[in-house]
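Morning, everyone. Please have a look at the model on the screen, and then I'll walk you through two parts of it.

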Amino acid sequence: MSIQDTGMTASMMQSELESAITLEQVCKKRREHRIGPINWSIPRGYVTALVGENGTGKSTLIHMLLRTLYPDSGRITWMGEACEGELPVHLRQQIAYVAELPMLEENRSTARQAAAFRSQWYPNWNQQRFEELLHQLKVPEDVRLSKLSKGQQQKFVFAAALATSPKLLLLDEPSSGLDPFAWKDMLSALHSEMERGDVTVLITTHRMEEVKRLADYVALMYEGQICGMKEKDELYQQWKEVWLGPVADRQLLDDLKELPGILDWDAKPDGSVRVHTSQPAELQQIAEENDIPVQVNGLEWEELLSCWVNDYRIHHLGEAKV
Ligand SMILES: Nc1ncnc2c1ncn2[C@@H]1O[C@H](COP(=O)(O)OP(=O)(O)OP(=O)(O)O)[C@@H](O)[C@H]1O
């Protein structure tokens, strides 16, 4: 299911979202790096992309969700259930995980043997789906996993993850190491998976094309904190680039700079200004009233994410505007 298909607005969705996983005041210290406190609900039945700089804590967070790492404090609930210690089997059987670098315990087995072993563990194992995916991704079934390339191993892990018919799919940079053809196959397999119904996907990625093609929601992590979560189309509309000028009137420029919503104000030597703002309409209107040339443009994903980080730094960390 995708939000676009539901015909609901983002604000309606936000208030009615059911949670697959909830984190309350979750903290973890890793060497000098502190993650949290994190308060966040991962919406059930949607794809949420978790994005953020290297080293900000995305993988650590996923490991806490898998319980391969325990928080120092705080509480996590999975499908409404909290647990102490390891995840209970019935929850573990509903969760599939694909890591950035596959570490296969079954290295000495072939894909076929490893699948036979895993199928005993997962009551909803779908052998037909597994074989179709292996075939589509061109992974040999009868070669030891240790003899496969890293990309082929990654494809095996991905196929095996989907074959478990998970309720919750945790993907940590799953496309690193995949060739462009396999990447497209992975996206289409994930789209089909979402059509299956009640599946929640959390994916960490640095590939904006992946966010664009897959995500319903985008969550931003910065310096160990979740800065917020936005519906993808809402994020796309949130900030715009405005080109003004050239503007000769210094007083007018100073007044414009103080308008609400402005994040970046980049004055050029020729008197023109490039602005990132969440409220382009007001800026545009005043510019037009004063006969100042003005142009409003959409932003690329990378620029939108930098705006989001800047907005967070200004409004939550109290940093000065640039
Ligand atoms: N095994 C570990 N032991 C101690 N500290 C670690 C370990 N793994 C990661 N860290 C530290 O935890 C912090 C968060 O790392 P993490 O791998 O979660 O970041 P990330 O957001 O997933 O980064 P990337 O985008 O590069 O994958 C970093 O400061 C890192 O140095």
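**A helix and a sheet**

Start with helix H7. Its buried residues are Gln152, Gln153, Gln154, Lys155, Phe156, Val157, Phe158, Ala159, Ala160, Ala161, Leu162 and Ala163. Buried means that 20 or more other C-beta atoms, placed from the backbone, lie within 10 Å of the residue's own. Helices and strands here are DSSP runs, H or I of at least four residues and E of at least two, numbered from the N terminus.

A word on the source. This is a predicted model: local features need pLDDT of at least 70, side-chain atom pairs count only at pLDDT 80 or more, and totals for chains, interfaces and linings use all residues. Residues are numbered from 1 along each chain as its sequence is written.

Back to H7. Twelve of its 14 residues are buried, so the helix is largely enclosed by the rest of the structure. What do the buried residues of H7 pack against? They pack against strands E6 (95-98) and E7 (168-172), and helices H5 (111-121), H6 (127-136) and H8 (180-195). Contact means C-beta atoms, placed from the backbone, within 7 Å. After H7 comes Ser165, with a positive phi near 50°.

Now the sheet. Four strands form an open sheet in the order E2-E1-E4-E5, with antiparallel pairing. At the edges are E2 (33-43) and E5 (81-82), each pairing on one side only. Strands pair if DSSP finds at least two bridges between them. E1 (residues 19-30) and E2 pair over eight bridges. Ile21 stands opposite Ile42 in E2.

Terms used: Two residues are in contact if their C-beta atoms, placed from the backbone, lie within 7 Å.
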